[in-house]
Amino acid sequence: MGKSKKLRSVLMAIPTLCFAFPLCFLFVTSLEKKGFANYLFVLTEIRVERNIMNSLIVAVITVLIVLAITLPASFAFSKMKFPGQNILFLIVLMAMMIPGISIAVPMVKIIRSLNLVNNYFSLILPYVAINSPIALILGKNFMDGLSAELMEAAKIDGCTTWTSFLHIYLPLAVPVSSIISVFTFLNCWNEFVYAKLFMQKEAMQMVSTIPIKFQADMYTNIPALFAGLVIVQLPVLILYLMFQNTFREGLTAGAVKG
Amino acid sequence: MKKKKSLSAYFYILPMFLFFAFFLVYPLFNTIRISFFEWNGIDPEMHFVGFQDYIDMFHDEIFYKAFANFAIYAVLVIVLEMLIGFSLAYLMRRKNIMFNIYRAIIFIPVILLPVVISYVFTDILAYNYGIVNETLRALHLDKLALDWFADPNVALYTLIGITVWSGTGFAMTVYSSSLTSFPSELIDAAKVDGANRIQTVTRVVWPLLKGTHFSLSIISAISALKIFDLVFLLTGGGPFHATEMPSTYMYDKAFTLYEQGFASAVSTIIIIFALLVTFIQTKLSAEKR
């Protein structure tokens with residue numbers, strides 16, 4: 001058994017290397033010709049840290065708002081009864097199917113009329129709307145798993161529905177909150193279409209779009225270009241390596257059923 | 001426990017539904033509305049044209065090409081991701097530290113930025129200087145050194161390959177989770193009945209994961225419908241519409257040609273299509289249980 005285990009370990013390294021190759025290639029190429037000087041060049045010439053900061057601000061604020069509005073809603077859908085409950089939930093489910101790009105045309109109109117172009121909220125507001133449906137579904141499923149008797153016991157002790165939500169269910173919702181945070185953060189960080197459409201000023205651009213100047217400058221200097229790509233990819237990559245389980249659970253949460 | 005019907009619940013759901021209404025529902029209805037007009041996106045005036053946009057669209061052969069490409073793309077991506085993902089998950093189902101490391105690595109492409117993926121692959125698969133073609137030529141396999149992005153017959157499959165690379169980690173992780181809760185007595189029972197390894201997998205394990213197959217295929221189908229970033233960055237829909245997808249087609253019409261009425265018609269069709277696909281898949285999965 002020990003021998004076959006070792007054999008398997010070695011064999012499975014082959015597909016793993018196939019998957020890892022492009023990323024390794026990225027790192028190795030970024031060090032070509034001038035080594036780490038490439039990174040210094042990118043950092044001083046192109047102010048990538050601005051992009052990172054912008055994406056970070058948008059992503060964090062979006063996550064906070066999503067949590068703030070979907071956790072109470074999850075609670076309500078799970079533990080409270082109100083007219084239209086099922087229909088509203090069905091509408092939310094259907095909203096998940098809508099590709100962001102298919103509502104891009106009116107979205108541009110709305111953002112322009114609200115004068116939000118080149119403003120962080122031009123992205124935050126749509127991102128919140130787009131990420132809320134799945135956050136709600138995950139939140140509700142989680143809350144369904146929490147016993148309703150907790151609330152009954154709290155009410156006997158004099159709590160209202162709201163305070164029992166705040167002091168009992170909310171603290172218990174930490175696992176699902178971290179899952180919601182992870183995929184919302186990732187969706188915001190990686191989102192491309194709206195970031196391209198709404199953030200046109202160079203200083204405001206997101207990590208996912210990388211200024212055109214950047215591409216044009218680096219076109220012949222591939223190692224430097226790759227160094228820039230490594231820099232913008234690094235934050236999420238490091239977060240992933242640190243919080244692997246949360247990442248993988250969070251992103252596949254919707255699919256692991258049946 | 002009895003739940004009183006209360007209206008205070010509306011306060012809990014109001015903030016979320018406000019966002020929902022303004023930034024999802026309202027744009028959605030507007031997309032449908034704009035599809036009946038002719039508009040360049042800049043003029044304050046729109047020109048009502050009824051179904052003309054739709055008629056023009058159904059006469060545009062690129063529209064059909066985009067959906068045909070999409071069909072090939074979606075089917076191949078979903079099938080390949082599920083098969084490869086399952087195989088990897090199954091082969092690494094036993095407890096093993098190396099397997100944990102491998103799985104962690106295989107998942108990484110799922111979280112990468114589209115920009116990063118596109119630049120890396122554009123370089124790796126460059127016809128003249130890309131490492132793939134250079135290696136093939138060094139091995140005297142010149143005929144295999146294809147023009148991965150510029151050959152209309154190859155481009156779509158290059159795109160499919162890259163998508164599978166970036167998405168298989170997801171399928172694998174889902175199957176891994178399902179397999180850990182898989183009753184091993186069934187595998188043992190099958191072995192006792194004389195099944196060899198392959199039969200055990202195909203006749204016992206795979207069929208029992210039906211629930212996972214369906215959720216995964218629905219999620220993959222929805223992701224496939226949303227595909228835009230990679231296509232746009234890698235090929236822009238070219239060469240000669242070989243990789244045109246409904247989403248790039250719509251984007252071109254909306255933001256390159258400024259025919260936003262037409263683009264909205266395309267969007268409406270995409271949305272209807274998305275709802276149909278999901279509806280059918282959910283029906284199928286509900287029936288088969």
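## Helix α13 of chain A and helix α4 of chain B

In this predicted model, helix α13 (residues 222-242) of chain A and helix α4 (residues 97-111) of chain B cross at roughly 140 degrees, and their axes come within 11 Å. Axes are lines fitted to C-alpha atoms, for helices over the stretch in contact, and angles run from 0 to 180 degrees between N-to-C directions. Helices (H or I, at least four residues) and strands (E, at least two) are DSSP runs, numbered from the N terminus. α13(A) and α4(B) are therefore oblique to each other. Angles under 35 degrees count as roughly parallel, over 145 as roughly antiparallel, 65 to 115 as roughly perpendicular and the rest as oblique.

α13(A) passes α4(B) in a right-handed crossing. A crossing is left-handed if the near helix is turned anticlockwise from the far one by less than a right angle, and right-handed if clockwise. On the side of α13(A), the contact (heavy atoms within 4.5 Å) is made by Q233(A), V236(A), L237(A) and Y240(A); on the side of α4(B), by A104(B), F107(B), I108(B) and I111(B). These residues divide into seven nonpolar, one polar and no charged. Ala, Val, Leu, Ile, Met, Phe, Trp, Tyr, Cys and Pro count as nonpolar, Asp, Glu, Lys and Arg as charged, and the others, Gly among them, as polar.

## Helix α4 of chain A and helix α1 of chain B

Helix α4 (residues 48-79) of chain A packs with helix α1 (residues 9-34) of chain B at an angle of about 135 degrees, and the axes are 8 Å apart. That makes α4(A) oblique to α1(B). The crossing of α4(A) past α1(B) is left-handed.

Residues of α4(A) in this contact include I65(A), I69(A), F75(A) and F77(A), and among those they meet in α1(B) are Y12(B), P15(B), M16(B) and F19(B). By class, the contact of α4(A) with α1(B) has 14 nonpolar, one polar and no charged residues.

## Helix α14 and annotated stretches of chain A

Helix α14 (residues 244-252) of chain A has F247(A), R248(A), G250(A), L251(A) and T252(A) buried. Buried means under 20% relative accessible area, exposed over 50%, partly exposed in between (1.4 Å probe, protein chains only). The buried residues of α14(A) pack against α10 (174-190) and α13 of chain A, together with α4 and α7 (155-180) of chain B.

An unreviewed UniProt entry annotates "transmembrane region" in chain A for several stretches, including residues 87-108 and 222-243. UniProt positions are given in the numbering used here, feature names are shortened, and annotations may be inferred rather than shown by experiment. Residues 87-108 of chain A are 64% helix and 0% strand, with end C-alpha atoms 29 Å apart. For residues 222-243 of chain A the values are 95% helix and 0% strand, with the ends 31 Å apart.

## Chain B

Chain B has 13 helices and two strands, and 53% of its 289 residues count as buried. Its C-alpha trace spans about 75 × 75 × 30 Å along the principal axes. UniProt lists residues 67-281 of chain B as "domain: ABC transmembrane type-1" (unreviewed entry); over this stretch the chain is 75% helix and 0% strand.

S264(B) is found in helix α13 (residues 260-288) of chain B. Is S264(B) buried or exposed? S264(B) is buried, with a relative accessible area of 0%. Leaving aside neighbours within four places in sequence, S264(B) is in contact with V105(A), T31(B), I34(B) and S35(B).

## Basis

Residues are numbered from 1 along each chain as its sequence is written, and chains are lettered from A and ligands numbered from 1 in the order in which they are written. In this predicted model local features need pLDDT of at least 70, side-chain atom pairs count only at pLDDT 80 or more, and totals for chains, interfaces and linings use all residues, while side-chain values use heavy atoms, with hydrogens and water left out.
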